[in-house]
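Dear colleague,

Please find the structure below, handed over for your use. My notes on its rings, strands and helices follow.

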Amino acid sequence: MYEQLARSIGEKVTLTAMEFDLCKTFFIPKKIRKKQTLLLEGDVCTYNAFIEKGILRSYTTDAKGNEHIIQFAFEGWWITDLSSFLMGENSTYTIEAIEDSELLLLTAAAREELMDALPVFERYQRLLLENAYIALQARVNSALTATAEEKYTKLTIAYPNIVARVPQHMIASYLGLTPETLSRVRKQITLRK
């Protein structure tokens, strides 16, 4: 159950086997089914979730009832509403499983205790946040400047299996496109091949 977590941590920092065994004690394993929510918009986010297996999405719903997907999280990724998790504010996002998923949950208190017990875990968390901020800047830049085709192409290059695992209407929402526009973009790309 902790293979992806070991891989993720090992890509950023070095933990001994004893340190990793200690690290595991701070997490709560949880299985959730497809379409089951981990967090509802308006609730306080109590967990930072690491995905061992499956895919989750984070989204917000506008006044017209339209969903706007903020993030997909695959195996080896973390997902949370960071401001709600760290500040105890009501969440602006819903987090839901796209597939049956296996998670490792970390409460804010457990995260602090873990970083005190293993300072190298704090470095790991800092590196993750730095990478997330860089990715966020790239996403905002793409949303403001890229064409629909460029957005879709970048996404499928970065995550080749996303088309097979995530419904097209969700991909369209993530890219800020209508499903019809995404369908046209995919047809144009197919015709050029």
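Is Tyr159 buried, partly exposed or exposed? At 28% relative accessibility, Tyr159 counts as partly exposed, where buried means under 20% relative accessible area, exposed over 50%, and partly exposed in between (1.4 Å probe, protein chains only). Phe74, at 6% relative accessibility, counts as buried.

A word on the basis of these values. This is a predicted model, in which local features need pLDDT of at least 70 and side-chain atom pairs count only at pLDDT 80 or more, while totals for chains, interfaces and linings use all residues. Residues are numbered from 1 along each chain as its sequence is written, and side-chain values use heavy atoms, with hydrogens and water left out.

Aromatic rings

Rings of Phe, Tyr and Trp (its six-membered ring) pair if their centres lie within 6.5 Å; planes under 30 degrees apart count as stacked, over 60 as edge-to-face and the rest as tilted. The count under this rule is eight aromatic pairs. One of them is the stacked pair of Phe74 and Tyr159, with 5.9 Å centre to centre and 15° between the planes. Phe74 lies in the loop between strand 5 (67-73) and strand 6 (78-79), and Tyr159 in the loop between helix 6 (148-158) and helix 7 (162-165), so the pair ties together parts that are 85 residues apart in sequence. Helices (H or I, at least four residues) and strands (E, at least two) are DSSP runs, numbered from the N terminus.

The ring centres of Phe121 and Tyr124 are 5.4 Å apart and their planes stand at 50°, so this pair is tilted. Both residues lie in helix 5 (residues 119-145), three residues apart, about one turn of the helix, and both are buried. Ring pairs link Phe121 and Tyr124 with Phe27, Phe50 and Trp78 into a cluster.

Charges over rings

A charge sits over a ring if NZ of Lys or CZ of Arg is within 6 Å of the ring centre and within 35 degrees of the ring normal. The charged end of Arg139 is placed over the ring of Tyr174, 3.8 Å from its centre. Lys24 lies over the face of Tyr2, at 5.4 Å from the ring centre.

Strands

Strand 4 (residues 56-61) pairs with strand 5 in the antiparallel sense over six bridges; strands pair if DSSP finds at least two bridges between them. Leu56 stands opposite Ala73 in strand 5. The hairpin of these strands has five residues between them, and Gly65 there takes a positive phi near 90°.
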